[in-house]
Structure formats: C-alpha cells, structure tokens
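I opened this entry to keep track of what I looked up, beginning with the overall fold and then turning to the charged side chains.

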Amino acid sequence: MPLHIPHQAPDRHPTSHAIFTDNHNRLVADILTRYRTLMMLATVQAEQDRNNANPEAMAVTGISIKMEFDGLYTSIKEFLTLSRKIKELWVFGPLGIEDDDRKLKQDQLDRHVHRVADLLNAMEASRMKDLAESNGATWEPLVREEMESQIAAAAAAAAGAGAGAGR
C-alpha cells in the first residue's frame, strides 16, 4: 500500500515527499519480507520431504529466527519513527501548508492568544492596583518606553556601582 500524503504540493517539496514515500514503501516491504521469512523459518522443521530435526539445522534455524526478529523489530521502530515524523510535519511543518483552513485557523488562534493576553494583563493590573491602594499608594502600568528607560538607568547605575567598587 503506497503512502499518500494529502494536501502536499508536489512542486513545493518534491524531494521530501519522495523521500517519505520511498522510506515508507521500503519499510513496509522490509516488514512484510521479514515476517514472511520468520513464518518460513518457524515451519521449516515441519517440512516432510527433508530431515530438519537434527541439532545443527535446529541451531541454524534458531539463530536465523533471532536475526530476522531483530531485523523486524528494527524495521517496525523505524516505521513508527517515520510515522511520528510525518505527523509532526503535518501539525507543525510544511506538510500542512496547503490546507485551505490553515490560514483561518492560524488567524483565529492569534486572535484568541491576544485576547487571553489582554485578559491576563487586565487581571494583573487590577491586582496590582488593589495591592497599591491597600498600602496607600497608586499604581499604573508602565508603557514600553518607560520600562526600557528604567532598565537602562538601572543597568547604568549597576555599572557605575561596579566601577566604583573596583577602585
């Protein structure tokens, strides 16, 4: 069953799409081949036309089964890793770019983020104002320019204090 990645623009990322498809198809073929080999090895002693019940044949079969199972296990892990990577790219990366609703969803998410940030800022401002008034003071939120100038002044004062202590 070949891999199909919907909403993928073939002209945008043809190499990554081809790489994912090739890796998917290679891993599926490897998993099926290893499973088939495991089933053949498991039934080799039941074949009637050969004498496969001797200890040497059983030892070779046992080692072969272990090697095939290890290969199957590794292929399945790689397949799950590829699946997870495709899902991550779909959610966070370029595979979802061609989704028609993506822009609308992103705009709605941005509006919600700004609204929540505004609500949190209003709640904090209210708490700070109540705290200041309960202690007989006033409180107003700083605007960005005032905050930057106060940070620069504090940094200059700290630098001046550090230079004076070094003398």
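**Notebook: charged pairs and overall fold**

I began with Asp-70, which is partly exposed with a relative accessible area of 36%. I kept in mind that this is a predicted model.

Next I looked up the partner of Asp-70, and found that its side chain meets that of Lys-66 in a salt bridge, at 3.0 Å from N to O. Both residues belong to helix 2, where they sit 4 residues apart and are thus separated by about one helical turn. Lys-66 counts as exposed, at 52% relative accessibility.

I then followed the salt bridges that share partners, and noted that they join Asp-30, Arg-34 and Glu-68 into one network. Within it, Arg-34 pairs with Asp-30, their closest N and O atoms lying 3.3 Å apart, and both residues are in helix 1, which covers residues 14-42. Arg-34 also forms a salt bridge with Glu-68, at 3.5 Å from N to O. Because Arg-34 lies in helix 1 and Glu-68 in helix 2 (residues 55-92), this pair ties together parts that are 34 residues apart in sequence.

In total I noted 4 salt bridges.

Finally I stepped back to the whole protein chain, which has 4 helices and 0 strands. Buried residues make up 14% of its 167 residues, and the chain exposes about 13,200 Å², with carbon and sulfur atoms supplying 60% of that area.

Technical notes:
Residues numbered from 1 in each chain as written. Predicted model: local features only at pLDDT ≥ 70, side-chain atom pairs only at ≥ 80, totals over all residues. Heavy atoms only, no water. Helix = DSSP H or I, 4+ residues; strand = E, 2+ residues; numbered from the N terminus. Buried < 20%, exposed > 50% of the residue type's maximum accessible area, 1.4 Å probe, protein only. Areas by Shrake-Rupley, 256 points an atom, 1.4 Å probe, with all protein chains shown as cover.
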